[in-house]
Structures are given as C-alpha cells and as structure tokens.
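Welcome! Please take a moment to look over the sequence and the model, and then we will walk through a few places together.

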Amino acid sequence: MICRFDDTNPSKEKEEFQQSIVEDLALMGIKPDKTSHTSDYFQEIYDQCVTLLKAGKAYADDTERETMQHQRFDGIASKRRNATVEENLARFEEMKKGNEEGVRWCVRAKISVDNPNKAMRDPVIYRCNPQNHHRTGEKWKVYPTYDFACPIVDSMEGITHALRTIEYRDRNPQYYWMLDALDLRKPNIWDFARMNFVRTLLSKRKLTKFVDTGHVWGWDDPRFPTIRGIRRRGMTIDALREFILKQGPSRNIVNLDWTLFWATNKKYIDPIAPRHTAVVLENAVTATVSGARVAPYTEDKPKHGKNPELGTKKVAYSPEILIDQSDAQSFVQDEEITLMNWGNAIVRKITHSLNPLHLSLVTSLDLELHLQGDVKTTKQKITWLAKSGQELIPVDLVDFDFLISKDKLEEEDNVDDFLTPKTEFRTKAVADGNLAAVKEGTV
C-alpha cells in the first residue's frame, strides 16, 4: 500500500496536514509500504505536459477565471484554443519563469468544448504560482492540477486499483483521457461513497477555516471528524475498525447517525471501563446520614461490577455525603432510595432554599440508613461522594454539541449561516479520590 500526499498547490499545502495524516494512520495501526509525494514527480509531470503541448493536445490560455468558467459552462471555445504549438510552448516557458507575464497564463487540456460531461470541457492542467513550495522550495513556479497529476503518478507508481469517492465519478473519463493521450498504463478505478454523518463537515477546506478562526481547539478537537478528534473523544481503534468494515465499500450516499457510531464504541469500552463517581459542584447537596459510622472509613469495592478482573478501588464512607442537586430534587419525603456501593436509605427530611428566587433548590437532606432494605425495590439508585475520608478530585465534565445545526448542508448553503452558537459545555465537579491514579489515554 502506498501513502501519497498530493502537494500540488503550494498556497494550500502545510506540513501539519501531512503530519496529522501520518499520525492518524499510526493510530489506526496502518503502516504503508511506501510514502511518496506528488512533488517527487514534478519533473516527470512537467515533461508530460510538454508532450501534450507538442502533440497539440493542450494549449496555454490567459482567459480570466470567471470568463473561463462561463465559457466552459456554456460550451464556448477559448480564443486561445487554436494557438500554434510554438506559441503554447513559449507561454509555458514564461509560466515556468513565474514572471509577471507567466502568472497570467495556465495550460488546459484540449479535450472538448461542449462535451455533456463538463469535466471534459478543456480542464486546466497547469497553473503558474511563484510562491515557494514547502518541499521543493523555489525550484518550480508551475504546478500541475490534481486531475492531471493523479493519473500520471498512479500509472508511474504501479497502482493497480485507484479507490476514489463518487464525487470524482464525472472526472473518471478525464482521468482515462490523460492516460490515453500520454500512452500510459491505465489503473482500474473503484468508486465508493464517502462516509457522511449528520451535522458534520468533512471538507478539509471548511474544517481548516474552523481551525484558523479559533472555532475549535485544533485538528484533534473532539468535535472534529478526524481520527485524532474522535480518539480524543473516546473512540477506540477496534470499534472504529468494526464500524468502518460494517459499512463496506458502498456506492450509496447516506448520512449516518453518530448514535450508531458511538454505540459501537460503547460495546468495546463498557466491559473494561472502571467506574468512577463525580458530583456536580453547582448547588451540590450535603446529606447527613444517620446510622453511618461517626469516623470516616474506606472499603475495597470492584472497579467494575461485572468485571472483577479490573481489580478494586477504595470507596470512602462518612456521615456527610455529597449528592447532585438533580438527584436531590427527585426525592420525596420518606422515600427509600439506594446509595450505590452502600445500601438503602430513607429520606427523612428535605430542606429547600428560603430564597424566593431559588425555592426549588434543595439545600440539605437527612437520610437514615436502612441497609436491610432490598435494592431491587427502589426506584432511585444514585451515586454520591463522602465529604471526608478521601481527597476529592476537582474535574471538568465536558460535553459537546454539533458544530453545525443542519443535518446536511447543500452546495448553495453558507456554512456561517448554520453554525451552532455554543458547542462546548463545561461543568465543574468533584470526583472520587481513585481518579487521581488514572493516566492520560486510559479508558
């Protein structure tokens, strides 16, 4: 397998893009047999362009970009289409110099003016760009387009099957025209549909804008559909592989739901993830537990109730415990509840705020242990934290929303019109002391 970087546009190529792809492949456990760059073949591609010009199968054109777009759409020939070979070669030489005259010109393949497939209407195959290239420096001032370079390099590198997303389907005839015109070996093209997700952008150009404008943290942002992004959000490689293989190389265009994606991941991490407890700090409720030992103490409890192989953790017990406000508000007087990893307790007193603006807030609870109670009969089974007997660990609980608010953006849609105003939500909390031993990257 060859990993090739298409670095034909010096204005857009950045080393960080390539490095991120290398890192993503490594995360997936994929090691290519060879890594190459289209820029490795700039001389050969240039020579092939000269071949087309000499054969009268390409021409230099200085038509303005917008005019060229209109002419191609309407099937109108460029005024330069029938220039002589000598004129075209001379103009290509000016392009190669990268001077003021050269930047006015491009080279177009002489395929068709009015082919029903607009991709075949004399596409641009070379442009002049005086900007230095991040790999070749100032050596070149002319650069091939992807559509011209790709079939040439595929053939040169011995590619047998070119896997291309169906967005390129209309350009497949163009791919084969280039190879036929240059008498090069033709690889087989295999079309497949790109994996799309609801409310998700996959365009590198659009994602780059999110990064450059500070809308996200970077390419490893958990909201991003990159390998590093979903890894940072908790996706395991095994689950990712399973999900992708289940989709198969389909040609059907579908918008997948992230729910199924993360459900696949849960299947892998749920059996091996140690359980920890956190309580939201905002309006956290202190509950006094009668019947508890006066002095705080700890007991060893399984890290996972269904997987004893994960070992044990320390659970602290004390006469005062912290409970989430949302749990406290769900209690009713004299209700029997279950304190996870402890046992049943009866809610004896619920104290609410005296502030008229916060009458619904619970400020304190009195609980009475009832350890002989049956945990199967209680509706409320809540997590809690002892206020003493352990060092509570401050944590941020982070949740995310989709970056865009529309399930599928159409071509005419402006991304800025569908940006979700707030997509990152942080909640201050405290967690059990066992969390201090958790290392970065562990499940």
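Which residues in helix α7 are buried? In this helix, which spans residues 204-212, they are L207, T208, F210 and V211; buried means under 20% relative accessible area, exposed over 50%, and partly exposed in between, with a 1.4 Å probe and protein chains only. These four cover an arc of only 155 degrees around the axis, so they sit on the same side of α7. The face turned away from that buried side carries the exposed residues R205 and D212. Just after α7 comes G214, with a positive phi of about 75 degrees.

A word on the background: this is a predicted model, in which local features need pLDDT of at least 70 and side-chain atom pairs count only at pLDDT 80 or more, while totals for chains, interfaces and linings use all residues. Residues are numbered from 1 along each chain as its sequence is written, and side-chain values use heavy atoms, leaving out hydrogens and water. Helices (H or I, at least four residues) and strands (E, at least two) are DSSP runs, numbered from the N terminus.

Next, a pair of helices. Helix α9 (residues 237-247) packs against helix α10 (residues 258-269) at an angle of about 135 degrees, and their axes are 8 Å apart. The two helices are therefore oblique to each other; angles under 35 degrees count as roughly parallel, over 145 as roughly antiparallel, 65 to 115 as roughly perpendicular and the rest as oblique. On the α9 side, D238, A239, L240, E242, F243 and K246 take part, meeting L260, F261, T264, N265, K267 and Y268 of α10. The residues of this contact divide into 6 nonpolar, 2 polar and 4 charged.

| Residue | Relative accessible area | In contact with |
|---|---|---|
| I350 | 18%, buried | F331, V332, Q333, V362, S364 and L365 |
| R348 | 37%, partly exposed | Q333, D334, D366 and E368 |

Key: Arc of directions from axis to C-beta. Axes fitted to C-alpha atoms, helices over the stretch in contact; angles between N-to-C directions. Contact = heavy atoms within 4.5 Å. Nonpolar A, V, L, I, M, F, W, Y, C, P; charged D, E, K, R; others polar.
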